[in-house]
Amino acid sequence: MSLAWLLALLSALPLAWLAWGDPKRLRVSGQRQRKAHAPKTRALLATTALLPGVVLLFHSAAAVLIWLGAVTTMGWAISEAFAPRRPARPANED
């Protein structure tokens with residue numbers, strides 16, 4: 001099962017790179033000086049992130065489920081880490 005965790009960490013690298021150059025995130029956060037990834041690059045990164053799961057299909061079904069859960073959780077954490085932050089609104093004082 002440690003193979004599933006290792007491959008999940010390996011899948012997190014292209015996910016982080018994908019989030020770093022996401023065109024919508026860059027546009028919303030106002031970071032227009034940094035260039036977004038091209039569509040072919042995004043497709044290649046997505047394929048690279050999913051490739052370890054395909055490898056695990058030949059290992060065991062349980063390992064695929066562990067990998068899938070771990071990659072989903074890491075993808076959520078990565079997208080949350082790269083999300084643009086807005087300043088906090090002051091509390092309404094009545």
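Predicted model: local features only at pLDDT ≥ 70, side-chain atom pairs only at ≥ 80, totals over all residues.
Local features need pLDDT of at least 70 and side-chain atom pairs count only at pLDDT 80 or more, while totals for chains, interfaces and linings use all residues. Residues are numbered from 1 along each chain as its sequence is written, and side-chain values use heavy atoms, with hydrogens and water left out.

Confidence is given as pLDDT, the predictor's score for each residue from 0 to 100. The chain has a mean of 84, and 89% of its residues reach 70 or more.

| Helix | Residues | Mean pLDDT |
|---|---|---|
| α2 (lowest) | 23–29 | 72 |
| α4 (highest) | 61–81 | 92 |

Of the 94 residues, 24% are buried (under 20% relative accessible area, 1.4 Å probe, protein chains only). Contacts are heavy atoms within 4.5 Å; among those between residues at least 6 apart in sequence, 64% join residues at least 24 apart.

Helix α3 (residues 39–57) and α4 have axes that come within 8 Å and cross at roughly 160 degrees; axes are lines fitted to C-alpha atoms over the stretch in contact, with angles from 0 to 180 degrees between N-to-C directions. The two helices are therefore roughly antiparallel, the term for angles over 145 degrees. On the α3 side, Ala49, Leu50, Pro52, Gly53, Leu56 and Leu57 meet Ala63, Val64 and Trp67 of α4.

Notes:
Buried < 20%, exposed > 50% of the residue type's maximum accessible area, 1.4 Å probe, protein only. Helix = DSSP H or I, 4+ residues; strand = E, 2+ residues; numbered from the N terminus. Parallel < 35°, antiparallel > 145°, perpendicular 65-115°, else oblique.
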